[in-house]
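Welcome, and please open the model in your viewer.

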Amino acid sequence: MAELAALDDPKARAVNEKHGDDHGGNLGKLRALAKRLKTQQELARELWATQDTAARLLALLVCRPKAFGRDELDAMLRGARTPKVQDWLVNYVVKKNPHAEELRLVWTADPDPVVASAGWALTTERVAKKPEGLDLPGLLDVIEAEMKDAPDRLQWAMNHCLAQIGIEHPEHRARAIAVGERLQVLKDYPTSPGCTSPFAPDWIAEMVRRQAPPVA
């Protein structure tokens, strides 16, 4: 904990707080610390129990993702509090856990929009890597009906799923683009030069362009 405290940078903290994160750690240095510690499941649980955001981020880097039970992961997500911890928990731990599919179904239907956003993040992973058994037209129906008025984190997760359907599944691309055009979600989101817009029709078009084979 003393080592984590020494990594805290007031400038980084100020930037992170604008995004709802209450830590000032340099993530590169945090990853270096995790690399030195290597995998330590019990230490990860102890770090998580402190409720300190930097400690929890470190915990997610040194834990053994498959060692957590379903109920344990559910409680961790509901108590995660900050966006960065939630994102790392889903991406670095839950996606590698044998309970991921069960949690995807439970979380997507949860009334808490932050919990539901984690379910949508897991759905997006399946859209890209294991779409067999997913009802893609049904997902597009839900996105079309609910994304426009969804709270920010849930809206962002649903929009990512919409874009992924359009990028990965040509047979649904025209409808995914049409849904994005109609809803106009994130149309005016500020995007840095050289970065891809999160507006789904633009995002889909750019990623499909990159996947196209070069013209001889």
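Two aromatic rings of Phe, Tyr or Trp (for Trp, the six-membered ring) count as a pair if their centres lie within 6.5 Å. Keep in mind throughout that this is a predicted model.

**Stop 1: aromatic rings**

How many aromatic pairs does a search of the whole structure find? The search finds two. For one of them, select Trp88 and Tyr92: their ring centres are 5.1 Å apart and their planes meet at 40°. Planes under 30 degrees apart would count as stacked and those over 60 as edge-to-face, so this pair is tilted. Trp88 and Tyr92 both belong to α7 and are four residues apart, so about one helical turn separates them.

**Stop 2: a charge over a ring**

Select Arg56 together with Trp48. The charged end of Arg56 sits over the Trp48 ring, 4.2 Å from the ring centre. Keep Trp48 selected, as it returns at the next stop.

**Stop 3**

In soluble globular proteins, nonpolar side chains tend to be buried together. Here the largest nonpolar core has 32 residues, and Trp48, Leu58, Leu60, Leu73, Leu89, Val94 and Trp107 are those with the most contacts inside it. Colour the helices that give two or more residues to this core: α3 (27-37), α4 (41-49), α5 (53-62), α6 (70-78), α7 (83-93), α8 and α9. Which element provides the largest share? That is α5, with seven residues.

Zoom in on Leu73. Beyond its neighbours within four places in sequence, Leu73 is in contact with Phe68, Leu89, Val93, Val94, Asn97, Leu103 and Trp107. Another core, of 26 residues, lies apart from the largest one; select Leu139, Leu140, Met147 and Ile167 to see some of its members.

**Stop 4: Asp110**

Finish at the loop between α8 (100-108) and α9 (113-129), where you will find Asp110. Its relative accessible area is 16%, and because buried means under 20%, Asp110 counts as buried. Show its side chain, which makes a polar contact of 2.7 Å with the side chain of Arg78. A polar atom of the Asp110 side chain also lies 2.8 Å from the backbone nitrogen of Asp112. Setting aside neighbours within four places in sequence, the residues in contact with Asp110 are Arg78, Val115 and Ala116.

Technical notes:
Residues numbered from 1 in each chain as written. Predicted model: local features only at pLDDT ≥ 70, side-chain atom pairs only at ≥ 80, totals over all residues. Heavy atoms only, no water. Buried < 20%, exposed > 50% of the residue type's maximum accessible area, 1.4 Å probe, protein only. Polar contact = N/O pair within 3.5 Å; in protein donor to acceptor, adjacent residues only side chain to side chain. Contact = heavy atoms within 4.5 Å. Core = buried A, V, L, I, M, F, W, Y, C linked by side-chain atoms within 4.5 Å. Lys NZ or Arg CZ within 6 Å of the ring centre and 35° of its normal.
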